Amino acid sequence: FINSKVEGKNAADQLVGAIRWFNIHKPELEALVIIRGGGSLESMQAFNNELVCREIFASNIPVIAGIGHDVDVPISCLVADVSVSTPTAVANLINSTWDGLIFGLPAIQDKIMKSCENAIRGANDRAQNFVSKMVGQIRAVFVNFEGLSERITKDAIMVIKQAIEKKSDAICRIEKLIILANPERTLRLGYSLTTNLSGVVIRDVRKVRVGTRLKTLLLDGSVESIVDKVNK
């Protein structure tokens with residue numbers, strides 16, 4: 001016990017000194033109790049003092065505050081580790097049985113373990129769901145790829161087929177042009193082809209002289225002749 005004023009001019013300094021003394025000289029204490037009875041708002045001002053409140057908050061010994069009555073809530077009660085309504089309530093609190101803690105700790109331990117197990121189970125379920133979704137998405141990618149590959153193959157085959165058909169049509173047109181331009185076709189129609197002995201086709205009568213040897217191609221053979229007369 002340390003006697004300290006709880007109101008008046010020197011109350012704040014004595015309260016600070018008492019709290020500090022216990023922390024320095026009796027740090028092994030299980031609890032530090034600060035109490036006073038009820039009173040007017042003015043009489044409680046020592047427990048609203050900033051220095052007192054800071055000293056209570058900084059105490060290494062747990063602080064139990066029992067100041068005034070239920071209607072009195074000074075700042076010191078708010079910064080204390082535990083606050084009860086009256087000094088009598090403080091006495092009841094520090095003399096209460098440990099049974100609640102003895103029987104309550106195992107229940108709290110079980111609750112913590114169950115919470116951890118549920119958290120781990122939930123995380124595992126979420127991980128499995130994520131993996132399942134990821135596997136499903138990968139499968140969907142492969143399925144879509146196979147479908148896309150099949151469509152691409154079909155499209156490529158179609159393009160190649162169309163290109164072949166286009167080339168075939170062009171070849172057919174060229175073949176028809178070759179047939180039309182074939183000299184044998186002209187010969188079959190009754191025409192002939194005249195060249196000199198060097199094979200040069202005679203297209204201009206002015207290039208033919210009397211005595212020139214000519215070769216005339218017919219459908220089934222050729223005839224050689226000597227120019228006897230040139231008509232212009």
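Predicted model: local features only at pLDDT ≥ 70, side-chain atom pairs only at ≥ 80, totals over all residues.
Figure 1. Strands of a sheet pair through backbone hydrogen bonds, in either a parallel or an antiparallel manner.

**Figure 2. Pairing of E4 with E5.** Strand E5 (residues 213-218) runs antiparallel to E4, and four bridges join the two. Asn-196 has Leu-214 of E5 as its bridge partner.

**Figure 3. Geometry of the helix pair H1 and H2.** Two packed helices are described by the angle between their axes and by the distance between those axes. For helix H1 (residues 11-25) and helix H2 (residues 50-58), the axes come within 9 Å and cross at roughly 15 degrees. Angles under 35 degrees count as roughly parallel, and H1 and H2 are therefore roughly parallel to each other. The crossing in which H1 passes H2 is left-handed.

**Figure 4. Residues at the contact of H1 with H2.** On the H1 side, the contact is made by Ala-12, Leu-15, Val-16, Ile-19 and Arg-20. H2 contributes Leu-51, Val-52, Glu-55 and Ile-56. Sorted by class, the contact of H1 with H2 has seven nonpolar and two charged residues, and no polar ones. Arg-20 of H1 and Glu-55 of H2 are the charged residues in this contact.

Technical notes. Residues numbered from 1 in each chain as written. Heavy atoms only, no water. Axes fitted to C-alpha atoms, helices over the stretch in contact; angles between N-to-C directions. Parallel < 35°, antiparallel > 145°, perpendicular 65-115°, else oblique. Left-handed = near helix turned anticlockwise from the far one by under 90°. Contact = heavy atoms within 4.5 Å. Pairing = 2+ DSSP bridges.
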